[in-house]
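Hi,

Here is the structure I promised to pass on. Have a look at it first, and then read my notes below.

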Amino acid sequence: DEMIKQIDISQIPIVDEELAKKQADKKIGEDIALGSRVELGKPSIQEVNGELLFVAPLEHSSPLKWWANRTTPGYITVSASNPNKVNYVTEIDGEKIQIRYQTSAILGKDLKRYIREHGYRNVGLTEYTFELNDEGRPYWVVTTYENQILWGCPEATGVVIVDAQTGEINWYPCEGVPKWVDIVQPEEFVDEQINNWGEYVRGWWNPADTDKIKKTDRTIPVFVEDDCYYFTGMTSVGKDDSCVGFIMVNTRNKKAVMSYMSGATEDAAMKSAEGLVQNFGYEATEPTPININGIPSYVVPLKDTEKLIKSCAIVNVTDYSIAVNGNTLEE
């Protein structure tokens, strides 16, 4: 209950990045003129005014398209809880959106080059994320970092925020990042530090692997009361389908909490969900941890060969033989 609060079932995310991209691409295809000049950028999940959305910028499909157009007209959002809720946003408060700075632009409008040329030439930069503020205005959020030991052990120091339209640049330390920014700590940094913690639990000399644990292969973004967390199971060094506990790490301040609790790994839960619909051949996607009356559970969307959600399963974390499925979450 402390780690994951109970939320309205209608707000539980069932859409993954693959499906979000498919739905957004379909939206672009509805406009022939638009599809001929732009392509979809990488979708990123984020919370905008209390709603979980995948947000993807429209980017230039080639250098020639950039040369001819110089800007792209907006972005696309896909609801994380409803794959049919897709919006193509072209203006804010009557003002048309013109995205000038992006990773697919060239010369002075190339995002990486633009940041380097404006005072960040010797600063570590990573995690280029397209995010919206509460008014829906588009920005690029880029994490700055320093290596703690020679060329390794990177630690985030803050973020560079670039207005995707005007190019205005501001840097914020980790403790002063605007509230609407969801990702400050890169997932790869957090994964490495969790694994280091499990690897060196008894110090660097531990040939017997005593008490060593490691994270599972999946790191899942979870939103709890306006905060975003990385969620991952922790398992023993040997290969098995059980966890010894679960870690949640705040994506902004890196505060970590671990719950020591035996249960199923994310992959084990996916296999359990697939077993419920094996006659249909549906494929499980990445599960989301939820709280059902104090019982830790996974929601596992099940997709057909066209990658469309056809069913949803709920799997008990502590005993993954307890699992149910329905055509909808409500069912």
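Before the details, some housekeeping. This is a predicted model, so local features need pLDDT of at least 70 and side-chain atom pairs count only at pLDDT 80 or more, while totals for chains, interfaces and linings use all residues. Residues are numbered from 1 along each chain as its sequence is written, and side-chain values use heavy atoms, with hydrogens and water left out. Helices (H or I, at least four residues) and strands (E, at least two) are DSSP runs numbered from the N terminus.

**Helix 5**

Helix 5 covers residues 187-199, which makes 13 residues. From first C-alpha to last it reaches 18 Å, close to the 18 Å expected at 1.5 Å a residue (the expected span is 1.5 Å times one less than the number of residues). Its buried residues are Phe189, Val190, Asp191, Ile194 and Gly198. Here buried means under 20% relative accessible area, exposed over 50%, and partly exposed in between, with a 1.4 Å probe and protein chains only. As background, an α-helix has 3.6 residues a turn, so residues three or four places apart point the same way. The cover over the buried residues of helix 5 includes strand 8 (124-132), strand 9 (138-149), strand 10 (152-163), strand 12 (213-215), strand 14 (227-236) and strand 15 (242-250).

**Nonpolar cores**

A nonpolar core is a set of buried Ala, Val, Leu, Ile, Met, Phe, Trp, Tyr and Cys residues joined through side-chain atoms within 4.5 Å. The largest one has 32 residues, and Leu40, Leu58, Ile76 and Val78 have the most contacts inside it. Helix 1 (17-29), strand 1 (38-40), strand 3 (51-60), strand 4 (75-79), helix 5, strand 14 and strand 15 each give two or more residues to this core. Apart from it lies another core of 23 residues, including Phe246, Met248, Met270 and Val317.

What does Leu40 touch? Not counting residues up to four places away in sequence, its partners are Lys21, Ala24, Asp25, Ile28, Ala56, Pro57, Leu58 and Ile76 (contact means heavy atoms within 4.5 Å).

**Aromatic rings**

Rings of Phe, Tyr and Trp (its six-membered ring) pair if their centres lie within 6.5 Å; planes under 30 degrees apart count as stacked, over 60 as edge-to-face and the rest as tilted. By this rule there are 9 aromatic pairs. Tyr101 and Tyr114 have ring centres 4.4 Å apart and planes at 45°, so that pair is tilted. Tyr101 sits in the loop between strand 7 (95-96) and helix 4 (111-116), and Tyr114 in helix 4, 13 residues apart. Tyr101 is buried at 8% relative accessible area, and Tyr114 is buried at 10%.

Tyr145 and Phe189 make an edge-to-face pair, 5.4 Å centre to centre with 75° between the planes. Tyr145 lies in strand 9 and Phe189 in helix 5, so the pair ties together parts 44 residues apart in sequence. Phe189 is buried at 7%, whereas Tyr145 is partly exposed at 23%. Tyr75, Phe130 and Trp140 form one aromatic cluster.

**Salt bridges**

The structure holds 17 salt bridges, each a side-chain nitrogen of Lys or Arg within 4 Å of a carboxyl oxygen of Asp or Glu. Asp227 and Lys179 meet at 3.3 Å, N to O. Asp227 belongs to strand 14 and Lys179 to the loop between strand 11 (169-173) and helix 5, 48 residues apart; Lys179 is exposed at 54%. Glu286 and Arg218 form another at 3.6 Å, N to O, and they are 68 residues apart. Glu286 is partly exposed at 32%, as is Arg218 at 25%.

Lys310 bridges to Asp304, with the closest N and O atoms 3.8 Å apart. Lys310 is partly exposed at 37%, but Asp304 is buried at 15%. Shared partners also join Asp16, Glu18 and Lys303 into one network.

Thr251 is in the loop between strand 15 and strand 16 (256-264). Is Thr251 buried or exposed? Thr251 is buried, at 0% relative accessible area. Leaving aside neighbours within four places in sequence, Thr251 contacts Asp182, Ile183, Val184, Gln185, Cys228, Tyr229 and Tyr230.

Cheers
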